[in-house]
Amino acid sequence: MKKFKALSVLLLLSMGILFNACNTGHQTPPLDRSNMEKSIDPGEDFFLFANGSWLEANPIPDDYSRYGAFEELRQASDEQLNSLVADISADKGAGQGSNRQKIRDLFNSAMDTLAIEEQGLSPLMPFLEKIDAISSKDELAEAFAYFHLRGTRPLFSLRAAQDRKNTEMNIANLGQGGLGMSDRDYYLKTDSRSKEIKAAYEHFMETIFILAGYSEEQAASARKKIMDLETRLAGASMTRLERRNPHATYNKMSEQELKDLAPGFNWEIYFAGLGIEPEDLNVSQPGFFREASATLEEFDLETWKTYLRWNLLRSSASFLTDDFDQAAFDFYGRVMSGSKSQRERWRRALGSVNRGMGEALGQEYVKRHFPPEAKDRMEDLVEHLRSAFSERIDQLAWMSEETKQQAHKKLASMNVKIGYPDKWTDYSNLQINDQPYVLNMMEASRFNTIRNLEKIGQPVDRDEWFMNPQTVNAYYSPTMNEIVFPAGILQPPFFFMDGDDAVNFGAIGMVIGHEMTHGFDDQGRQYAPDGNLRDWWTKNDATRFEELAEILVDQYNNYVLLDTLTINGKLSLGENIADLGGLTIAYQALQNKLEQDGRPELIDGYTPEQRFFLAYAQVWRNNIRDQELMRQINEGPHSPGEARVNGIVYNLEAFYQAFDIEETATRFIAPADRAEIW
Ligand SMILES: [Zn+2]
């Protein structure tokens, strides 16, 4: 739902005891030596050296496609949220219309499988009848608006976001979409894996139609029509790589220009259905909308109605009976990611509450689990990272003074948010009650979509957050020029309230540096200090940056993971730059801190530098299934955990020194061939 996306780091964490109000006193050591495999030479495979024993002892559970530190912490957070929801459910004082009543009813409607089985498809009948009754292309446009408001997204998406060239204001953004597979390439590529995925998708589609009452012939015919349509749309869609260019996806136009670009669609009826009157819009992929308009004219109304039914059933499947739910899991979980069984239902129900009314749950969560001292400690760490980054900028040999001044300005004006928002979302207009699960989820979509659409043409609210407080992740927003760290990530093994500096700088310090560096990666560097998409680089410096980035692109293009499978260096470039910069800056910050406070004694026999790199490697530990690895490489942008460690550390001289690694080591990179940007 919150599509704040691409730039945020997908952080892999580890469990340990979480600090919270009811901490039992048992502490996980900041660095877990029992995870290590000391028989491995750190110069040969640092990822395995730091994590080998853990990887061996923790095979992937059936209901996971990958399992690592992140999943462990997510599981532990789920337990906290579950006990919170249990208390909320038992609260007799949760008045009608209160957030607590809505959390309770949404969660319970997701858990009540008896009611869900008994209801069958009946909750969706009025919506299917609405589709049946469509008798013209104008009514189709009205139906698109109706379903876009309710979590079903045929053909394209529309949402409010900051105007990239006038970041004080929000603007309507039209984006390509309407595909049931998660990437256009799966429709178009002919390698065996893509063919396997496509066949499974077709099977999924027929299964869903048969469950909805179609005969086998009808289902096969519907499947064929939809595949023809979606394949056309896929062919007109921008690739993930093309979408990394923020200029290519910025095409501001008037409503009239949009009508001229895509005349096959009744935009007036559509906008009226959404209740908006956009003066101008950003059309992210004009080529896609031109082609979508052509398909609207070429494909007959019956095909579009079938496509609409498919979109409705597909987006609702997980909230319906077990048959529908399993069919969706078979494709999205089993085939795409290699999972063997569904996640426990209560965990998925919590996921629905997080998606539908995440800040309401988050508000309760931080009251119980986020100590105010953590915020102070974090603010201190962020300022250490900011000064270290500033020093690094001064030291850059490749950048001119002129560009450095601008870089300093951008770094100094970068806003920081920690823990949870100052101002909470008001859920009074959200109508959650004891109705069927699928209807509660549609209502949550309607509420959240309208909340977003109301921002069109309005000034930007700088207090807004695009992640829930309980989320175990962090993000950088280029248009806000801000870094955001939800309470969920401020726990071990990222953040240790009482841990030593070496470990905190290697874990959460690196995360802070990573997010800061996103402001200076191949995409982020194109945005000015005020968040506007505006070039602040001299031509020469921009060229030097691209040459340096190319070294990292080449390194990752040659990083072999599975047989001949390699990472896409260009698609993952922003994340890899952020990892390299983040680790470099965090290391500098640690050195500054050690100089200021004096060097501590060895802990467990390790120097602060060794503990710093080990803490970094340990947060990225995970085992991953082959299917999920392939999916992650195709869809990016993050490199797999192993490559986030081994792809980065061998570029750092400080790493070689910390572990006394010789030039003869397997992974040794000659100084001239190392990547170094920030
Ligand atoms: Zn990132």
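Student: Where is Met378 found?

Tutor: Met378 sits in helix 16. Helices (H or I, at least four residues) and strands (E, at least two) are DSSP runs, numbered from the N terminus. Residues are numbered from 1 along each chain as its sequence is written. The model is predicted: local features need pLDDT of at least 70, side-chain atom pairs count only at pLDDT 80 or more, and totals for chains, interfaces and linings use all residues.

Student: Does Met378 count as buried or exposed?

Tutor: Count the other C-beta atoms, placed from the backbone, within 10 Å of the residue's own: 20 or more is buried, 12 or fewer is exposed, and in between is partly exposed. Met378 has 22 C-beta neighbours inside 10 Å, so Met378 is buried.

Student: Which residues is Met378 in contact with, leaving aside neighbours within four places in sequence?

Tutor: Contact means C-beta atoms, placed from the backbone, within 7 Å. By that test Met378 touches Ile418, Phe485 and Leu490. For scale, take Leu548, 170 residues from Met378 along the chain. The C-alpha atoms of Met378 and Leu548 are separated by 31 Å.

Student: Which strands does helix 16 lie across?

Tutor: Helix 16 lies across strand 6 and strand 8. Its direction is at about 150° to strand 6. Axes are lines fitted to C-alpha atoms, for helices over the stretch in contact, and angles run from 0 to 180 degrees between N-to-C directions.

Student: What is the strand order in the open sheet of 3 strands?

Tutor: The order is 6-8-7, with mixed pairing. Two strands pair if DSSP finds at least two bridges between them. Strand 6 (415–419) and strand 7 (475–477) are the edges; each has a single partner strand, so one side of each lacks a neighbour in the sheet. On average, neighbouring strands here are turned by 15° against each other, direction ignored. Strand 7 and strand 8 (residues 482–486) run antiparallel, joined by 3 bridges. Within that pairing, Tyr475 has Val484 of strand 8 as its bridge partner.

Student: At what angle do helix 16 and helix 19 pack?

Tutor: Helix 16 (residues 372–395) and helix 19 (residues 501–518) pack at about 60°, with axes 10 Å apart. The contact uses Leu381, Val382, Leu385 and Phe389 of helix 16. Helix 19 brings Asn504, Ile508, Gly509, Ile512, Gly513 and Met516.

Student: How many nonpolar, polar and charged residues has the contact of helix 16 with helix 19?

Tutor: Ala, Val, Leu, Ile, Met, Phe, Trp, Tyr, Cys and Pro count as nonpolar, Asp, Glu, Lys and Arg as charged, and the others, Gly among them, as polar. This contact has 7 nonpolar, 3 polar and no charged residues.

Student: How do the axes of helix 16 and helix 21 cross?

Tutor: The axes of helix 16 and helix 21 (residues 573–597) come within 8 Å and cross at roughly 105°. That makes the two helices roughly perpendicular. On the helix 16 side are His384, Leu385, Ala388, Phe389, Glu391 and Arg392. They meet Thr584, Ile585, Ala586, Gln588, Ala589, Asn592 and Lys593 of helix 21. By class, this contact has 6 nonpolar, 4 polar and 3 charged residues.

Student: In what sense do strand 3 and strand 5 pair?

Tutor: Strand 3 (residues 166–176) and strand 5 (residues 280–283) pair in the parallel sense over 3 bridges. Ala172 stands opposite Leu281, and Asn173 has Asn282 as its bridge partner. Strand 4 and strand 5 run antiparallel, also with 3 bridges. There, Lys252 has Asn282 as its bridge partner.

Student: Which side chains along strand 5 are buried?

Tutor: Side chains alternate along strand 5. Leu281 and Val283 point to one face and are buried.

Definitions and conventions. Contact = placed C-beta atoms within 7 Å. Parallel < 35°, antiparallel > 145°, perpendicular 65-115°, else oblique.
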